[in-house]
Amino acid sequence: MKISFHGHSILLVEANGTRILFDPFINGNPTTDLKVEDVHADVIIVTHGHNDHIGDTVEIAKKNDALVIGTAEIADYLGSKGVRTHGLHIGGGFNFEFGRVKLTQAFHGSGYINENNEIVYLGMPAGVLLTIDGKTIYHAGDTGLFSDMKLIGDRHPIDIAFLPIGDNFTMGPDDAAYAAGLLQAKKVVPIHFNTFPLLQQDPRTFVKMLPDGVGAVLDVGQSIEL
């Protein structure tokens, strides 16, 4: 299995011939190395309804006939745009052909600003547990620190966790390091930093806060094998 990081909160998981894309915010993202027209995905997972996470989901999904997975509200909204969707909700999971997706809680917002500059409420934000090929990946989405991260780690042995460190809108490095301890993930990778001036962080400083061998920084376009 290969997992690559593409700026902000974008991940691409490739396993068993399936390409699973998380939070494809590409157009307007100054940190990504991706171009919408070049992206190939079989599945798109959206953690919450903010524009910098829904991003280019509709265009990519239509071009690839990809299945979009998110909360019921996100699935209903994006389904109305003509894409295939599967809605879940917090604590619920589903066994797909490629693997299992389960949503966890996250403490954040989830409102989408549409083409009419109206805010569309899209339900609760979520984290995602993706179990595929015998490995469990945790994408925390956008969230603050919460104590039930220990419960998530206790209930779901995590091989790799992707945690936001940007501060201001999510956890900062200190809280994210504490979260890593609660989750007990074998590997922890920072995301959601340096995209905008408010999110400036040094990911390598964050990694130094973690036990030796746990933290890893993925530069944009870089991948890790599980």
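What follows are my notes on a predicted model, beginning with the nonpolar cores and then turning to a sheet and a helix.

Entry one, the cores. I kept in mind that, in soluble globular proteins, nonpolar side chains tend to be buried together. I looked up the largest nonpolar core and found that it has 29 residues, and that those with the most contacts inside it are Ile20, Ile69, Phe98, Val101, Leu130, Ile137 and Phe162. Strand β11, residues 126-132, gives the largest share of this core, which is four residues. I also noted a second, separate core of 25 residues, which includes Ala140, Ile152, Ala176 and Val188.

I traced an open sheet of six strands in the order β7-β8-β11-β12-β13-β14, and its pairing is mixed. β7 (93-95) and β14 (187-191) each have a single partner strand and stand at the edges, so one side of each is left without a neighbour in the sheet. From one strand to the next, the twist averages 15°.

Entry four, β13 and its surroundings. I looked up strand β13, residues 160-164, and found that it runs parallel to β14 and is joined to it by five bridges, while Ala161 stands opposite Val188 in β14. Helix α5, residues 173-183, lies across β12 (135-139), β13 and β14, and it runs at about 155° to β13.

Notes. Residues are numbered from 1 along each chain as its sequence is written. This is a predicted model: local features need pLDDT of at least 70, side-chain atom pairs count only at pLDDT 80 or more; totals for chains, interfaces and linings use all residues. Side-chain values use heavy atoms; hydrogens and water are left out. A nonpolar core is a set of buried Ala, Val, Leu, Ile, Met, Phe, Trp, Tyr and Cys residues joined through side-chain atoms within 4.5 Å. Buried means under 20% relative accessible area, exposed over 50%, partly exposed in between (1.4 Å probe, protein chains only). Helices (H or I, at least four residues) and strands (E, at least two) are DSSP runs, numbered from the N terminus. Two strands pair if DSSP finds at least two bridges between them. Axes are lines fitted to C-alpha atoms, for helices over the stretch in contact, and angles run from 0 to 180 degrees between N-to-C directions. Contact means heavy atoms within 4.5 Å.
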